[in-house]
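Subject: Structure handover

Hi there,

Here is the structure I promised to pass on to you. Have a look at it first, and my notes follow below.

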Amino acid sequence: LRHLNTRGDKPAELNLIGQWNQSPFHVHLLSQPFAQEPQVSTRVKLDALQLSQAQPYLPQDLHNLRGSASIDLELRASLLKQGVELGLAGSMSLAQVQLGYKNITLLSDAIGWQGELNLTLAEQLGYLLKGDTQIEALQLKDEQEQLSLLSLADLQLNKLSADQTNSLQASSLEIAQFSAIQQEGQPLESGRQWVSAEQVSLQEIAVEQGNFVNIERILISAGDFNVHLDDQGRLHSQGVLRTALENLQDSTAGNETEVNDPAESGSDEPFHYRLGRVEISDSRVHFSDQQLSKAFRSQIDVLHYQLQGLDSRIPDKPSQVSFSGKVGEFSSIEYQAEVTPLHQPLFLQLEGQVKALPMPNLSPYSESYIGYEITAGQFDHQFNVNLANNYIKASNELVLRHLALAAMGKKNTTYSRPQKLCLRFFSFRRL
């Protein structure tokens, strides 16, 4: 400790070097406590502080806290006539983090933040937070269901800015090797995975006043989207997620807390959002249906999908949608549409075509409905649909080529259908 004096013309200086439970730290402080406008400037460095030391102070539902924390921060404070100004700049990081909450476990190799925080303590609190955040190898697991709710290899939130008006901006959110709702040890076709993607990018993100979210562009590449219907026709991933949430609710039994009525929360502004453009490329949709006597499985290759101009504040303004993809090696599926998905009555203008869709892919449905297997054939469909004011106008051109059927026997049918009519319809070599 040096230069401690009451004249205020020279700052006092404190250097403190030591260990906190074997974690080295260094504090360097400059202060003018007796100046007309007192000021303090401090730099704090702390390396590899073990997070388990905080476990006794956490609520009972939080358990198994592991990992280490390191900080390198510069802090400054000034006492002014109009209030107190505080500033913080530097970096903080967590390594090999583990934290349990009831049956949920959070794991991460590294979580880091670098930036600055400025606060003004006067008649009203004011703050401005800026910085970048990076997370490596994050996983959120349901230990009871052996379910990975969320996992990613890398996340970067760039140029984040937030202030006291509940407004937030970020230039981009980049996520690599993302997946959600995945049963551990189960293959993709089992239906135990909801979605995964090699790369997810959100660009120009803004939250205004806490009730409006704007994302200028969302890009998803090399994605896999799984739609799995169980034998009751229910979406399997939705059921898996519901089970995980019910387990959380069960563990809170007896610890109910009073919930405020949203109508009395003081905010009458509805929540709105805008998506400037959503693009999906080089991806796959895996569909399976267990309701049939023979399970149906199909894969749609999404070459490119785009949704543009979706704004909940203007629900009657049409959004533009386009899609190009294929099923199998030689087919193609293309369509373009204008649609108002958030408005009633729904407006839709849809035009597209399907070429050379392999009919044997649909055989599980023909086997279950009419008792005949589709062994060969291709399907073409050109369509135009207009829906406005609850009135629909559509034109279709259907072509079935080289269709071949094989009898399966009545014992394989699960539904009663007019089979003679169906077979007469399919008896043409070309339709």
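Which residues line the largest cavity? Before the answer, please keep in mind that this is a predicted model. The lining is made up of Gly309, Leu310, Asp311, Ile314, Pro315, Lys317, Ser319, Thr340, Pro341 and Leu342. Sorted by class, that gives 5 nonpolar, 3 polar and 2 charged residues. Strand β13 is the main contributor here, giving 3 residues to the lining. The volume of this cavity comes to about 40 Å³, and the structure has 2 cavities of 30 Å³ or more.

Around it sit Phe225, Ile280, Val285, Ile300, Val302, Tyr305, Phe323 and Ile333. Two or more of these lining residues come from each of β12 (272-289) and β13 (296-311). Once again β13 gives the most, with 3 residues. How many polar and charged residues does this lining have? There are no polar and no charged residues in it, and 8 nonpolar ones.

Now to the nonpolar core. The largest one has 46 residues, and those that touch the most other members are Ile175, Val200, Leu202, Ile218 and Leu348. Strand β9 (residues 168-183) supplies the largest share of this core, 6 residues. Leaving out residues up to four places away in sequence, Ile175 touches Leu152, Asp154, Leu155, Glu198, Gln199 and Val200. Val200, one of those partners, is also among the core residues with the most contacts to other members.

Is Ser108 buried or exposed? Its relative accessible area is 3%, so Ser108 counts as buried, the cut-off being under 20%. The side chain of Ser108 comes to 3.2 Å from the backbone oxygen of Ala110. Setting aside neighbours within four places in sequence, Ser108 is in contact with Gln96 and Val97, and also with Ile135, Glu136, Ala137 and Leu138.

In both linings β13 gives the most.

Over to you, and enjoy looking around!

Best wishes

Conventions. Residues numbered from 1 in each chain as written. Predicted model: local features only at pLDDT ≥ 70, side-chain atom pairs only at ≥ 80, totals over all residues. Heavy atoms only, no water. 1 Å grid on protein atoms, 1.4 Å probe; cavity = no way out; pocket = protein on both sides within 12 Å on 5 of 7 lines; lining within 4 Å. Helix = DSSP H or I, 4+ residues; strand = E, 2+ residues; numbered from the N terminus. Nonpolar A, V, L, I, M, F, W, Y, C, P; charged D, E, K, R; others polar. Core = buried A, V, L, I, M, F, W, Y, C linked by side-chain atoms within 4.5 Å. Buried < 20%, exposed > 50% of the residue type's maximum accessible area, 1.4 Å probe, protein only. Contact = heavy atoms within 4.5 Å. Polar contact = N/O pair within 3.5 Å; in protein donor to acceptor, adjacent residues only side chain to side chain. Points joined across faces, edges and corners; volume = space filled by probe spheres on them.
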